[in-house]
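Please consult the sequence and the structure shown below while reading.

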Amino acid sequence: MLFMHLCTLVLKILTLPLQIAELVGLYSLYKRVFPFLVYRITFTYNKHMNEHKRELFRSLDKFRPSNGSLRILEVGCGSGANFEHYPTGCKIICTDPNPHFQDYLQKNMAKNDHLVYDKFVVASGEDLRAVPDDSVDVVVGTLVLCTVKDTQLVLKEAQRVLRSGGAFFFLEHVASDPSTWTFFFQNVLQPLWYYFGDGCETTRTTWETIENAGFSQLNLRHIQAPVTFVIKPHIVGYAVK
């Protein structure tokens, strides 16, 4: 444990220039480049995670209302990597705090014309005031809860906008078992990973926050995703309001 903390300290020292850049506002320039990187990385991630996503989103139809189309709010939509998995005719509202994703989002909208796109809102997951209470059937967040500043507030906002009986769908990388080398490297590399991933944290026990969020029903599984070892531990499932 001491060795892990020493290694982490070394990485924190090495990232000092990045910390200074964030303080003086220069890091905001990276936010313009980050959407391009995510757009490119998404192709590889989706290829490896295709079966897991298909299995997860197969359950969306359970929440389709009897008198209309399925209304989905995707929080932290990024470039729209999940669109291909949504059922035909869904009405989609997209939110993301980074406005520079919009060009890449438009590309995926054009590719997935089986969906109906309502609007794109520049907003964080903690502040969804643009979406009325009880107005959507499903909220989707994939690889989002690793970067938000207040996970509990994001889940509270998801519950607010969901209709009664609606569901929050999630797919997130999480902290590994503390006895593993993966956990060691997650903690050691975290200072650098934070800046590369635009605030992404590899050490969050997100499942605990979801379990304690007050949903009426929780369907959650831990999996080992076929991706790079640092983010291999994932949770996947949905929680019903």
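Which residue in E4 is the bridge partner of Glu 74? In this predicted model, the partner of Glu 74 is Val 140. The strands concerned are E1, residues 71–75, and E4, residues 136–142; they run parallel and are joined by 3 bridges. In general, the strands of a sheet pair through backbone hydrogen bonds, in either a parallel or an antiparallel manner.

E1 and E4 belong to an open sheet of 7 strands, whose order is E3-E2-E1-E4-E5-E7-E6 and whose pairing is mixed. At the edges stand E3 (116–122) and E6 (217–224), each of which pairs on one side only. From one strand to the next, the twist averages 15°.

| Element | Residues |
|---|---|
| Helix H3 | residues 30–57 |

Is Asn 46 buried or exposed? Asn 46 counts as buried because its relative accessible area is 12%, which is under the 20% limit. When residues up to four places away in sequence are left aside, Asn 46 touches Lys 53, Ala 81 and Glu 84. With Lys 53, the side chain of Asn 46 also forms a polar contact of 2.8 Å, made to the Lys 53 side chain.

Note on methods: Residues are numbered from 1 along each chain as its sequence is written. This is a predicted model: local features need pLDDT of at least 70, side-chain atom pairs count only at pLDDT 80 or more; totals for chains, interfaces and linings use all residues. Side-chain values use heavy atoms; hydrogens and water are left out. Helices (H or I, at least four residues) and strands (E, at least two) are DSSP runs, numbered from the N terminus. Buried means under 20% relative accessible area, exposed over 50%, partly exposed in between (1.4 Å probe, protein chains only). A polar contact is a pair of N or O atoms within 3.5 Å; within protein, one must be able to donate a hydrogen and the other to accept it, and residues adjacent in sequence count only if both atoms are side-chain atoms. Contact means heavy atoms within 4.5 Å. Two strands pair if DSSP finds at least two bridges between them. Axes are lines fitted to C-alpha atoms, for helices over the stretch in contact, and angles run from 0 to 180 degrees between N-to-C directions.
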